[in-house]
Amino acid sequence: MGRPIAALAEPMEEGPWYAAPLTAKVLLCSGGLATDLRARVLSVVDDRPIPGLFAAGELTGGLHGIGYLGSCGLLDALVFGRIAGREAAGPLRRAAADGVSADSRVSPIKPI
């Protein structure tokens, strides 16, 4: 499989052997994007929210603080994902309430 074999490794000559598929998963992120309680990403320049940029889950790295809180990653993503979605949809929801077409309120993404 392309992996180096350690010099002290001994062959496994007798079975049975069992295998199970594994998938990658983020266990913990000890850093990342700073966000506020409304899931808005904060600027590294002045700690003010960046308009229209929201984040949730392990890429924010903000839930754990000083100590690791086991088994909280999924709940963190669910709670702040819902908050981020609500906040991101807010301007469109207000536009619809005002009778403005949502398409007219969304600006196209400009390439960098």
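**Exercise 1. Which residues make a nonpolar surface patch of about 410 Å²?**

Solution. Step 1: The structure is a predicted model, in which local features need pLDDT of at least 70 and side-chain atom pairs count only at pLDDT 80 or more, while totals for chains, interfaces and linings use all residues. Residues are numbered from 1 along each chain as its sequence is written, and side-chain values use heavy atoms, with hydrogens and water left out.

Step 1: Apply the rule for patches: they consist of residues with over 30% relative accessible area and no salt bridge, where like charges are joined within 9 Å and nonpolar side chains (Val, Leu, Ile, Met, Phe, Trp, Tyr) within 5 Å. Accessible areas come from the Shrake-Rupley method with a 1.4 Å probe, and for residues only the protein chains shown count as cover.

Step 2: The patch is made by Leu74, Leu75, Leu78 and Val79. One of these residues, Leu78, is found in helix H1, residues 73–97. Leu78 counts as exposed because its relative accessibility is 53%; the classes are buried (under 20% relative accessible area), exposed (over 50%) and partly exposed (in between), with a 1.4 Å probe and protein chains only.

**Exercise 2. Describe the order of helices and strands, and state where confidence is lowest and highest.**

Solution. Step 1: Helices (H or I, at least four residues) and strands (E, at least two) are DSSP runs, numbered from the N terminus. The chain contains two helices and two strands, and along the sequence they follow the pattern β-β-α-α.

Step 1: The predictor's confidence in each residue is pLDDT, on a scale from 0 to 100. Its mean over the chain is 78, and 71% of the residues reach 70 or more.

Step 2: Confidence is lowest in helix H2 (residues 102–105), with a mean of 56, and highest in S1, at 93. Where pLDDT is low, the predicted coordinates should not be read in detail.

**Exercise 3. Find the salt bridges, and determine which residues are linked in a network.**

Solution. Step 1: A salt bridge is a side-chain nitrogen of Lys or Arg within 4 Å of a carboxyl oxygen of Asp or Glu. Searching the whole structure gives three salt bridges.

Step 1: Asp36 pairs with Arg40, their closest N and O atoms being 2.7 Å apart. Asp36 is buried, at 16% relative accessible area, whereas Arg40 is partly exposed, at 23%.

Step 2: Arg38 pairs with Glu87, with 2.9 Å between the closest N and O atoms. Arg38 lies in the segment before strand S1 (40–42) and Glu87 in helix H1, so this pair ties together parts that are 49 residues apart in sequence. Arg38 is partly exposed, at 41% relative accessible area, and Glu87 is buried, at 16%.

Step 3: Glu87 also forms a salt bridge with Arg86, the closest N and O atoms being 3.7 Å apart. Arg86 is partly exposed, with a relative accessible area of 41%.

**Exercise 4. Identify the residues with a positive phi that are not glycine, and the cis peptide bond.**

Solution. Step 1: Most residues other than glycine have a negative phi, and most peptide bonds are trans.

Step 1: Ala39 has a positive phi of about 65°. Ala39 is placed in the segment before S1 and is buried, at 0% relative accessibility.

Step 2: Asp47 has a positive phi of about 60°. Asp47 belongs to the loop between S1 and S2 and is exposed, with a relative accessible area of 57%.

Step 3: Gly15 and Pro16 are joined by a cis peptide bond, with omega about 5°. Pro16 lies in the segment before S1.

**Exercise 5. Is Ser43 buried or exposed, and which residues does Ser43 touch when those up to four places away in sequence are not counted?**

Solution. Step 1: Ser43 is found in the loop between S1 and S2. At 17% relative accessibility, Ser43 counts as buried.

Step 1: A contact means heavy atoms within 4.5 Å. With residues up to four places away in sequence not counted, Ser43 touches Arg48 and Ile50.

Step 2: For the chain, buried residues make up 15% of the 112 residues. Of the contacts with a separation of 6 or more, 43% are between residues 24 or more positions apart.
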